[in-house]
Amino acid sequence: MLQNLLLTENKLLYYWLAFFGIILSRYFIIAGGIYLLFYSLIDKFSETRKLYTKTRTRHSMRKDIKLSVISGVVFAFCAAFIMLQYDGGKTLLYSSIDKYGLWYLGVSFLIVLILQDTYFYFIHRVFHHPRLFKWMHYGHHASKEVTPWTSFAFDLPEAFIQGIFFVVIVFVLPLNFIPLIAALLTMSVWAVLNHLGIRLFNPSFPPNWLGKWFIGPTHHSLHHRKYKVHYGLYFTFWDKLLGTQDPSYNNEPRSSQQNICREETAEGSI
Ligand SMILES: [Zn+2]
Ligand SMILES: [Zn+2]
């Protein structure tokens with residue numbers, strides 16, 4: 001009994017260490033790579049597309065990185081817990097593609113994104129309740145000049161509640177490792193782009209439907225400036241349905257290329 005407990009504890013520690021390394025590498029490679037690309041290598045492209053008037057500071061970026069590393073501790077624990085349960089045959093995770101067919105890989109991937117977006121929207125709204133905001137979500141909004149480093153900057157309670165999503169999903173949805181990893185990678189890249197702080201496309205850029213249905217840096221920058229709008233993660237669906245889409249987030253293509261911060265308006269481009 002005691003031996004089993006020690007074995008489980010050792011396994012948990014082993015998994016935790018492995019996942020902490022993976023999560024940190026993922027963060028520094030994706031957030032760092034995109035930061036380097038947009039803020040250094042193609043700085044000229046970025047200059048006229050900046051979504052924040054204030055300049056980022058080293059101090060605020062250091063704070064965001066510190067919080068992201070702390071969040072990584074929690075996410076690694078969630079991942080280690082999932083693997084322990086998988087080893088014990090308790091989850092619905094599976095590795096053989098034949099089990100539900102190839103088509104189900106794509107379908108389950110989409111289901112995870114839709115469920116995660118829904119979960120994120122509602123917990124995000126709860127985090128913004130005045131009584132909860134300071135100790136659950138303040139860390140994510142501490143930097144006024146959002147950069148890719150902000151993408152995983154969460155206070156401990158928020159990191160834990162975010163991590164719970166994947167802990168629960170592996171018990172309720174049959175999921176192959178491929179769509180699970182694909183969903184985690186999609187989340188990582190999408191979260192970094194949402195915090196890019198730079199508009200990706202010109203407001204006049206067709207196809208305008210991108211900004212109409214999908215969240216991007218322009219959409220999420222309004223959340224960081226106004227707090228009371230744009231709570232979604234991937235899709236604009238819940239914001240539109242529940243009236244939290246900013247009225248100035250205009251979905252019509254525009255010819256001007258004004259910076260939304262200077263004009264206090266938002267375009268439908270992402
Ligand atoms: Zn928020
Ligand atoms: Zn954010």
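The following legends describe close-up views of a predicted model.

View 1. Helix α7 spans residues 156-172 and includes Val170. Val170 counts as partly exposed because it has 19 C-beta neighbours inside 10 Å. Apart from neighbours within four places in sequence, the contacts of Val170 are Ile82, Thr91, Leu92, Leu93 and Leu175.

View 2. Ser68 belongs to helix α3. Ser68 has 23 C-beta neighbours inside 10 Å and therefore counts as buried. When residues up to four places away in sequence are left out, Ser68 touches Tyr27, Trp149, Phe152 and Ala153. Between Ser68 and Phe152 the C-alpha to C-alpha distance is 4.9 Å, although 84 residues separate the two in sequence.

**View 3. The largest nonpolar core.** This core comprises 32 residues, and those with the most contacts inside it are Phe19, Ala31, Ile34, Phe75, Ala76 and Ala79. Two or more residues come from each of α1 (2-41), α3 (58-87), α7 and α8 (177-194). The greatest contribution is that of α1, with 8 residues. In soluble globular proteins, nonpolar side chains tend to be buried together.

View 4. Beyond residues up to four places away in sequence, Phe75 touches Ile23, Ala159 and Gly163.

How values were computed: Residues are numbered from 1 along each chain as its sequence is written. Chains are lettered from A and ligands numbered from 1 in the order in which they are written. This is a predicted model: local features need pLDDT of at least 70, side-chain atom pairs count only at pLDDT 80 or more; totals for chains, interfaces and linings use all residues. Helices (H or I, at least four residues) and strands (E, at least two) are DSSP runs, numbered from the N terminus. A residue is buried if 20 or more other C-beta atoms lie within 10 Å of its own, exposed if 12 or fewer, and partly exposed in between; C-beta atoms are placed from the backbone. Two residues are in contact if their C-beta atoms, placed from the backbone, lie within 7 Å. A nonpolar core is a set of buried Ala, Val, Leu, Ile, Met, Phe, Trp, Tyr and Cys residues joined through C-beta atoms within 7 Å.
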